[in-house]
Amino acid sequence: MQRTKIKEILSSAPQGQTVKAQGWVRTFRNNQFIAINDGSTINNIQAVVALNTFDDTLLKRITTGACISVEGELIASVGKGQAVEIKVNQLTVLGDSDPEEFPLQPKKHSLEFLREKAHLRVRTNTISAVMRVRHAMAFAIHHFFNERGFTYVHTPIITGSDAEGAGDMFRVTTLNINNPPRDESGHVDHKEDFFGRETNLTVSGQLEGETYALALGDIYTFGPTFRAENSNTTRHLAEFWMIEPEMAFYDITDNMQLATDLLQYLVRYALDHCKDDLEFLNKRAHEEEATKPQEQRSELSLLERLRFVIENDFQRLTYTEAIDILRNSNPNKKKKFHYLVDQWGVDLQSEHERYLVEKHFKKPVILYDYPKDIKAFYMRQNDDGKTVAAMDVLFPGIGEIIGGSQREERYDQLLKRVHEMNLPEKDLWWYLDLRKFGSAPHAGFGLGFERLILFVTGMTNIRDVIPYPRFPKSAEF
Ligand code: 4AD
Ligand code: MG
């Protein structure tokens with residue numbers, strides 16, 4: 001007989017029909033009640049085995065972690081916690097699991113412990129809920145852009161240029177690192193390398209994305225990016241996914257509006273489509289909050305935070321306005337900030353960003369018009385000669401979730417910045433070409449996918465929202 005997914009079984013009315021469910025045993029109580037989960041939903045189906053109907057040796061194999069198949073009548077459940085259950089008449093063990101060795105016991109495990117069992121942790125309620133939400137968000141992103149006529153572009157993962165300067169790069173090479181070929185001056189000779197030049201894993205698809213926007217109009221990328229920064233934080237990964245839309249004929253204001261629309265759309269989509277998982281995660285986040293000291297607790301629950309984001313406009317203000325607020329803020333005057341804000345031009349730290357969002361405005365913030373010296377070369381130079389049309393979207397509990405800008409579309413100005421910042425002009429020839437042949441005003445941004453998932457799920461460590469996190473000194477699995 002055909003197997004039915006547990007999600008579907010749970011929403012069926014019991015009408016004497018026989019159903020077949022397959023999945024992993026979560027618990028087996030009183031030699032009678034098996035809770036089975038198949039990943040289609042956070043909820044388990046209860047399978048009931050009548051006493052003395054199955055062999056003891058078979059029942060002994062029904063252990064937490066084992067994979068089983070059950071067939072039987074779908075009946076209304078008398079117990080509380082579920083509407084229907086399966087009265088089992090056929091029971092097969094598809095895969096045994098030694099209960100002495102299986103690391104996931106039917107109790108709460110810490111997220112740290114689970115990270116070391118990354119190959120099994122998706123069998124827990126928390127991680128499986130996160131991964132279903134992650135899927136829903138990926139799907140919704142494509143939906144959002146497709147509805148608006150954007151073209152999905154696959155920018156390369158192996159790149160020849162290190163021009164963007166968004167972070168340190170991972171080298172890609174097939175040379176023998178123990179004995180690489182060398183040129184006359186003793187330097188490693190990359191002409192002998194696979195691509196005949198130095199290559200790296202990309203830090204961003206933006207520069208290639210821009211070339212496509214200036215032909216297709218509105219494009220977006222959605223792929224993995226790599227940064228070899230040694231940042232051991234709850235917000236950074238060495239391998240993360242990024243969504244980068246790039247739009248011809250957009251200015252910085254259009255860009256801010258699209259970023260707002262995208263984020264609000266995604267949060268609304270999660271609320272509409274991930275109800276069970278979000279309710280579970282809401283409860284989980286609430287329990288985690290309760291373990292923190294009062295002053296560190298968030299005022300809103302996860303679900304309240306999500307609703308708050310779709311119901312409120314994001315506060316827009318310039319970097320210069322933000323500096324004024326921060327300079328006069330209590331934590332700055334009382335020297336509570338780790339980095340004190342004393343002068344215009346300093347880069348903002350996440351403590352500053354979070355102060356603006358969580359304490360001062362109490363809503364998402366879009367900061368724009370940053371000093372040109374702390375931003376990338378490609379950002380459009382403003383008429384004041386000091387700032388560029390950059391924008392960062394800052395979220396509660398997260399800090400920066402989006403970074404973007406209007407791009408410098410004027411050849412002379414762009415080239416001047418390339419020189420001032422000592423960037424390799426020869427590697428950027430194709431990017432500069434874009435400003436020679438039918439240049440156009442354009443803008444774009446990058447949304448960190450895992451930071452979005454952190455926000456939507458209420459998880460607090462980025463390593464728990466990607467299947468196999470990559471961070472310094474860790475690439476097991
Ligand atoms: O601000 P970033 O570095 O911007 C860019 O890469 C631009 N090329 C984007 C564009 O304009 N097309 O990164 C964009 C976003 C950040 O706001 C953050 O959400 C995320 O990517 N991000 C990271 N997420 C996880 N781990 C890291 N190490 C990240 N670095 C950036
Ligand atoms: Mg940034």
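Reply: In this predicted model, an oxygen atom of ligand 1 has a polar side-chain atom of arginine 407 at 2.9 Å. Isoleucine 401 approaches through its backbone instead, with an N or O atom 2.8 Å from an oxygen atom of ligand 1. Glutamate 244 faces a nitrogen atom of ligand 1, and an N or O atom of its side chain is 2.7 Å away. A polar contact is a pair of N or O atoms within 3.5 Å; within protein, one atom must be able to donate a hydrogen and the other to accept it, and residues adjacent in sequence count only if both atoms are side-chain atoms. In total, 24 residues surround ligand 1, and the closest are Glu164, Gln206, Arg227, Glu244 and Glu400; a residue is near a molecule or strand if one of its heavy atoms lies within 4 Å of it.

Residues are numbered from 1 along each chain as its sequence is written, and chains are lettered from A and ligands numbered from 1 in the order in which they are written. As the model is predicted, local features need pLDDT of at least 70 and side-chain atom pairs count only at pLDDT 80 or more, while totals for chains, interfaces and linings use all residues; side-chain values use heavy atoms, leaving out hydrogens and water.

The strands come next. Helices (H or I, at least four residues) and strands (E, at least two) are DSSP runs, numbered from the N terminus, and two strands pair if DSSP finds at least two bridges between them. Strand β15 (residues 399-406) pairs with β16 in the antiparallel sense over 5 bridges, and glutamine 406 stands opposite alanine 443 in β16. Strand β16 is also joined to β11 by 5 bridges, again antiparallel; here methionine 242 stands opposite glycine 448.

How many residues of strand β16 (residues 442-448) are buried? The count is 7 of its 7 residues, where buried means under 20% relative accessible area, exposed over 50% and partly exposed in between (1.4 Å probe, protein chains only). In a regular strand the side chains alternate between the two faces of the sheet. In β16, one side carries His442, Gly444, Gly446 and Gly448 and the other Ala443, Phe445 and Leu447, all of them buried.

The aromatic rings complete the picture. Rings of Phe, Tyr and Trp (its six-membered ring) pair if their centres lie within 6.5 Å; planes under 30 degrees apart count as stacked, over 60 as edge-to-face and the rest as tilted. The structure holds 18 such pairs. One of them joins phenylalanine 145 and phenylalanine 150, a tilted pair with 4.9 Å centre to centre and 50° between the planes; both residues are buried. Phenylalanine 222 and tryptophan 241 form an edge-to-face pair, because their ring centres are 6.1 Å apart and their planes stand at 85°. This pair links distant parts of the chain, 19 residues apart: phenylalanine 222 belongs to strand β10 (residues 218-226) and tryptophan 241 to strand β11 (residues 239-248). Phenylalanine 222 has 8% relative accessibility and so counts as buried, whereas tryptophan 241, at 29%, is partly exposed.

Ring pairs also link Phe144, Phe145, Phe150, Tyr152, Tyr220, Tyr265 and Tyr269 into a cluster. Over the ring of phenylalanine 144 sits the charged end of arginine 148, 3.7 Å from its centre; this requires NZ of Lys or CZ of Arg within 6 Å of the ring centre and within 35 degrees of the ring normal.
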